[in-house]
Amino acid sequence: MSWDEWEQLKSDAAARGSARMQLNHVPMDRGGGGSDKLKSDKKAWGKAGEDTKGLQDDIGKALGKLDDGQSGLGDISGVQSAAAQKELYDSWKKYVGDVKGRCGELGGVMERSGHDLAKSDGDVKAELDKIKSKYQDTEAVGGQAKGR
């Protein structure tokens, strides 16, 4: 191989640009190179997950107070306001119970994500989507006559 041919090959390769490593399909040149700012702390993820799961205790206490406030309602037949109040109570009891469940599951995802920091974004998103579909918000019922 002649030196001229070698120099031409090097020149062609330089013109095409060298292949560079690229992680997670993120371009190397993002203007400002913020890659040194990406940090994750296992302890912070664990604490955030713990705190989120800890909300279950306070929500459980609120559910207890909701139950206590409902006790003694008695027979609701024939009393429209009592029937409406019971309907509202049932709706809120379910909603608050779901919030309690969400806190537990979300906190668990956060703890697990932070524990090993090895899950892909797709895996974490799949877990969050599962929680989202499990705890879909209920349709608003307030102010609707429901045939009354």
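**Labels and their cut-offs**

Guide: K53 counts as partly exposed, at 32% relative accessibility. This is a predicted model.

Visitor: Why is K53 called partly exposed?
Guide: The relative accessibility of K53 is 32%. Buried means under 20% and exposed means over 50%, with partly exposed in between. The value for K53 falls in between, so the label is partly exposed.

Visitor: What makes the pair K53 and E111 a salt bridge?
Guide: The N to O distance between their side chains is 3.0 Å. The cut-off is a Lys or Arg side-chain nitrogen within 4 Å of an Asp or Glu carboxyl oxygen. The pair K53 and E111 therefore qualifies. In general, side chains of opposite charge can pair when their charged atoms come close.

Visitor: How do you know that K53 and E111 link distant parts of the chain?
Guide: K53 is in helix α2 (residues 42-70) and E111 is in helix α3, and the two are 58 residues apart.

Visitor: How many salt bridges does the structure hold?
Guide: The structure holds eight. Among them is the pair D90 and K86, at 2.8 Å, N to O. Another pair is K94 and D98, at 2.7 Å, N to O.

Visitor: Why are D90 and K86 separated by about one helical turn?
Guide: Because D90 and K86 are four residues apart in helix α3. K94 and D98 are also four residues apart in helix α3, so about one helical turn separates them.

Visitor: What makes D90 and K86 partly exposed?
Guide: D90 has 36% relative accessibility, and K86 has a relative accessible area of 30%. Both values lie between the 20% and 50% cut-offs, so both residues are partly exposed.

Visitor: Why is S113 called buried?
Guide: The relative accessible area of S113 is 10%. Buried means under 20%, so S113 is buried. S113 lies in helix α3 (residues 80-116). Leaving aside neighbours within four places in sequence, S113 is in contact with W45, K119 and V124.

Visitor: What makes the nonpolar surface patch, and where is L9 placed?
Guide: W3, W6 and L9 make the patch, which is about 390 Å². L9 is in helix α1 (residues 3-16).

Methods
Residues are numbered from 1 along each chain as its sequence is written. This is a predicted model: local features need pLDDT of at least 70, side-chain atom pairs count only at pLDDT 80 or more; totals for chains, interfaces and linings use all residues. Side-chain values use heavy atoms; hydrogens and water are left out. Buried means under 20% relative accessible area, exposed over 50%, partly exposed in between (1.4 Å probe, protein chains only). Contact means heavy atoms within 4.5 Å. Patches are made of residues with over 30% relative accessible area and no salt bridge: like charges are joined within 9 Å, nonpolar side chains (Val, Leu, Ile, Met, Phe, Trp, Tyr) within 5 Å. Accessible areas come from the Shrake-Rupley method with a 1.4 Å probe; for residues, only the protein chains shown count as cover.
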